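Visitor: I am new to this structure. Please show me how to read its features.

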Amino acid sequence: GSLNKEDTLHYYGLERGRRTLMIFGGSQGALAINKLALDAIGLYNGGRGLVQILHLTGDREESSRAADAYRLMNIKACVKDFETSMEKAWTV
């Protein structure tokens, strides 16, 4: 069946009513994208809860670092190494 946005938000542990930013990259560009994304979100959001993040890092160690960074910035985020069901990610 078709994907439901509410179910997908629940799957990622994200909240209804917030803007959601999905960040993903692959291969050799992933590390640069991860760093740039964290820097930009820190500047934009400032921990004010304006956005929530779905961040697919492409690497387990990067996922741990990104999750820690979002926690320190008080930003709601779901951070995963990979997503095998990209159709879910696109539904958010």
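**Reading the sheet and the rings**

Guide: In E2, leucine 56 is the bridge partner of phenylalanine 24. This is a predicted model, where local features need pLDDT of at least 70, side-chain atom pairs count only at pLDDT 80 or more, and totals for chains, interfaces and linings use all residues. Residues are numbered from 1 along each chain as its sequence is written, and side-chain values use heavy atoms, with hydrogens and water left out.

Visitor: Over how many bridges do E1 and E2 pair?

Guide: Two strands pair if DSSP finds at least two bridges between them. Strands (E, at least two residues) and helices (H or I, at least four) are DSSP runs, numbered from the N terminus. E1 and E2 (residues 51–56) pair in the parallel sense over 6 bridges.

Visitor: In what order do the strands form the open sheet?

Guide: The order of the 3 strands is E1-E2-E3, with parallel pairing. E1 (19–24) and E3 (77–80) are the edge strands, each pairing on one side only.

Visitor: How are the rings of phenylalanine 24 and tryptophan 90 paired, edge-to-face or stacked?

Guide: Rings of Phe, Tyr and Trp (its six-membered ring) pair if their centres lie within 6.5 Å; planes under 30 degrees apart count as stacked, over 60 as edge-to-face and the rest as tilted. Here the centres are 5.5 Å apart and the planes at 90 degrees, so the pair is edge-to-face. Phenylalanine 24 is in strand E1 and tryptophan 90 in helix H4 (residues 86–91), so the pair ties together parts 66 residues apart in sequence.
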